[in-house]
Amino acid sequence: QSSWTEGRGFPFVCPTLPSRMIETLYGKHAAALYAQAADFNKTARFYYMKAQDAYYLANAQASYDDWRRARRQWDYFYRRK
């Protein structure tokens, strides 16, 4: 490895490379590890997107609840006689 690649997690393997090519370049064990890492990455991305959606929905609901509370407060003070 050159000094540029040291400490940077190289060699980097593109996830779109065919598993046969990875196996040829790095061996069966490494190819299996890359496949497992790709699977974990896909699963992590799925749950990250799911968490992001849940956060968005919770934030939207909280904003709506704040708006309703403010509307009730407004109505209370400005409809008094």
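The chain exposes about 7,700 Å², and carbon and sulfur atoms supply 58% of that area. This is a predicted model, and buried residues make up 6% of the 81 residues in the chain. The secondary structure is simple to list: the chain has 2 helices and 0 strands.

Two packed helices are described by the angle between their axes and by the distance between the axes. Here, helix α1 spans residues 19-26 and helix α2 spans residues 28-78. The two pack at an angle of about 135°, with their axes 7 Å apart. Helices α1 and α2 are therefore oblique to each other, and the crossing of α1 and α2 is right-handed.

Which residues in α1 and α2 meet? From α1, the contact draws on Ser19, Ile22, Glu23 and Tyr26; from α2, it draws on Lys28, Ala30, Ala31 and Tyr34. Sorted by class, the contact of α1 with α2 has 5 nonpolar, 1 polar and 2 charged residues.

Alanine 31 is found in helix α2. Is alanine 31 buried or exposed? Its relative accessibility is 11%, and because residues under 20% count as buried, alanine 31 counts as buried. Arginine 20 lies 11 residues from alanine 31 along the chain, and the C-alpha atoms of the two are separated by 8.1 Å.

Definitions and conventions: Residues numbered from 1 in each chain as written. Predicted model: local features only at pLDDT ≥ 70, side-chain atom pairs only at ≥ 80, totals over all residues. Heavy atoms only, no water. Axes fitted to C-alpha atoms, helices over the stretch in contact; angles between N-to-C directions. Helix = DSSP H or I, 4+ residues; strand = E, 2+ residues; numbered from the N terminus. Parallel < 35°, antiparallel > 145°, perpendicular 65-115°, else oblique. Left-handed = near helix turned anticlockwise from the far one by under 90°. Contact = heavy atoms within 4.5 Å. Nonpolar A, V, L, I, M, F, W, Y, C, P; charged D, E, K, R; others polar. Buried < 20%, exposed > 50% of the residue type's maximum accessible area, 1.4 Å probe, protein only. Areas by Shrake-Rupley, 256 points an atom, 1.4 Å probe, with all protein chains shown as cover.
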